[in-house]
Amino acid sequence: MSETAETPDLEPDLEPDVQPDVESDVESDAEPDAGIDAAPEPEAPPAPLLELRDGLPEIVETDERLAEACAALAAASGPVAIDAERASGYRYSNRAYLIQLRREGAGTWLVDPIAVSTLAPLQEALEGVEWILHAATQDLPCLREVGLTPTSLFDTELAGRLLGYPRVGLATLVETVLGQRMRKEHSAADWSTRPLPKPWLEYAALDVEVLVELRDHMATELEKAGKAEWARQEFEHLLDFEPAVRVDAWRRTSGVHRLRGRRALGAARALWEARDRIAAERDVTPGRILPDSAIVVAATVMPADRRALLSTSGFHGRGASRYASAWVDALEQVREMGEDELPTRAPRGDGPPHPRTWAERDAVADRRFKAAREAMLNLAEVHHLPVENLLTPDYLRRLMWAPPATREPAALADAVRTQLASYGARPWQAGLVTGALVGAILGAEAEPDRTERPDE
């Protein structure tokens, strides 16, 4: 059995710092002006609830039991459905606390990665097997952390986007494509809890119950829509996915935009960094140590001692009082900083400025961008997919702010494709958008600059 994980010393009434990614199923189907005598439409019966076909398997929490799982999965056939449960909202780390796998001929296996010594045998058993994940970018980093890396994959969420499904949550796709309802009640559970309750394990096992069937249906749809090659390129691109490293992550503190002056910004940065160190040491999500709202208030009023700090709005939980000296020390250091040591309102980035400033800074670039954005919206509608999946918005901004120098159409098209590829655009994306982007570049420069005053 696994050892019981340390329970965070937290306020019992605190909610998870991260809200569950659960879609609302409330949609309006009412027809306007239906008439007072119109008979109400009979409600469609709910889809049948998805159940475990093979019952709930025992959790794998010993090396011996893992060896059995690996042997069964290696001897099975077809792709393997994989999911991972983290403790987002409770823990600082993004580690996996449960891994679910299902493969035809092997059934479902629930693996506790905390309890076993290594998952290397599992990686070996799955070598060369296609992995089916839903929203792969969420699970790939934590799976890689425990030594699990796919050689090929199929992402059902991304497939749904390419196919133009308006909602691509797993439960919605399972109901839409397969006609079965999934449970959602444990999506925000603390998966670092040990032992894991049986209802949680049932919920987790259901996440991989029909992933293989969902993958097969969606692969057929992609073929019929002529998008199978798009999906192949997207899935291959995901194999190298790495989470973006946030520069100046403290600037994402909720409410920090309301602060005035560099010293207040410096105080917010110092408090955020102190909280982050404490959260990392305790493996507790930072918002459960000290809420963002408390950081912003303290950065505004700059309390000078413990008493003043604890009377500040938001400094009322255990984290606020237990680490009061850390908060006071951080603020004191900011008071002693020189002006040149304090952060500025907006850091200088390596990308283009925000498009809302383009009209004043470069009227031609502004026209390029607006024409290109309109063209992307039209193309996305024609091909029935979200515009952000047609082309990453940042790629569009970078290209329109600093396009290739040539204006010879064929050479410009080649240069646009090369520039898009350097950003990370896939060939299918470049193939669809290059013509429209070339047109936006040439059209914007052919249009007279209306900001110039006419000759008198």
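Glu 209 counts as buried at 2% relative accessibility, where buried means under 20% relative accessible area, exposed over 50% and partly exposed in between, for a 1.4 Å probe and protein chains only. The structure is a predicted model, in which local features need pLDDT of at least 70, side-chain atom pairs count only at pLDDT 80 or more, and totals for chains, interfaces and linings use all residues. Residues are numbered from 1 along each chain as its sequence is written, and side-chain values use heavy atoms, with hydrogens and water left out.

Glu 209 sits in the loop between α6 and α7 (211–225); helices (H or I, at least four residues) and strands (E, at least two) are DSSP runs, numbered from the N terminus. Setting aside residues up to four places away in sequence, Glu 209 touches Leu 50, Glu 51, Leu 52, Arg 53, Arg 102 and Thr 108, a contact being heavy atoms within 4.5 Å. Leu 101 is 108 residues away from Glu 209 along the chain, and the C-alpha atoms of the two are separated by 8.9 Å.

For the chain as a whole, the secondary structure comes to 19 helices and six strands. Of its 456 residues, 46% are buried. Among the contacts with a separation of 6 or more, 70% are between residues 24 or more positions apart.

His 134 belongs to the loop between β5 (130–133) and α3 (136–145), and its relative accessibility of 14% is why His 134 counts as buried. The side chain of His 134 makes a polar contact of 2.7 Å with the side chain of Thr 156, and a polar atom of the His 134 side chain lies 3.0 Å from the backbone oxygen of Val 168. Beyond its neighbours within four places in sequence, His 134 is in contact with residues including Asp 139, Asp 155, Glu 157, Gly 169, Leu 170 and Leu 173.

Ser 192 is located in the loop between α5 (170–178) and α6 (198–206), and it is buried because its relative accessibility is 2%. Its side chain is joined to that of Asp 190 by a polar contact of 2.5 Å and to that of Arg 91 by one of 3.1 Å. The loop between α5 and α6 also holds Pro 195, and the peptide bond leading from Arg 194 to Pro 195 is cis, with omega near -5°.

Most residues other than glycine have a negative phi, and most peptide bonds are trans. Asp 248, which is not a glycine, has a positive phi of about 55°; it lies in the loop between α8 (228–238) and α9 (262–282) and is partly exposed, with a relative accessible area of 33%. Asp 283, likewise not a glycine, has a positive phi of about 55°. Asp 283 is placed in the loop between α9 and α10 (292–301) and counts as buried at 18% relative accessibility.

Two packed helices are described by the angle between their axes and the distance between the axes. Here axes are lines fitted to C-alpha atoms, for helices over the stretch in contact, and angles run from 0 to 180 degrees between N-to-C directions. The axes of α9 and α10 cross at roughly 140° and come within 8 Å. That makes α9 oblique to α10, since angles under 35 degrees count as roughly parallel, over 145 as roughly antiparallel, 65 to 115 as roughly perpendicular and the rest as oblique. The contact is made by Ala 264, Ala 267, Ala 268, Leu 271, Trp 272 and Arg 275 of α9 with Asp 292, Ile 295, Ala 298 and Ala 299 of α10.

Helix α18 (residues 409–423) packs against helix α19 (residues 427–446) at an angle of about 125°, with the axes 9 Å apart. This pair, too, is oblique. On the α18 side, the residues that meet α19 include Pro 409, Leu 412, Val 416 and Arg 417, and on the α19 side they include Ala 430, Thr 434, Leu 437 and Ile 441.

Note on methods:
A polar contact is a pair of N or O atoms within 3.5 Å; within protein, one must be able to donate a hydrogen and the other to accept it, and residues adjacent in sequence count only if both atoms are side-chain atoms.
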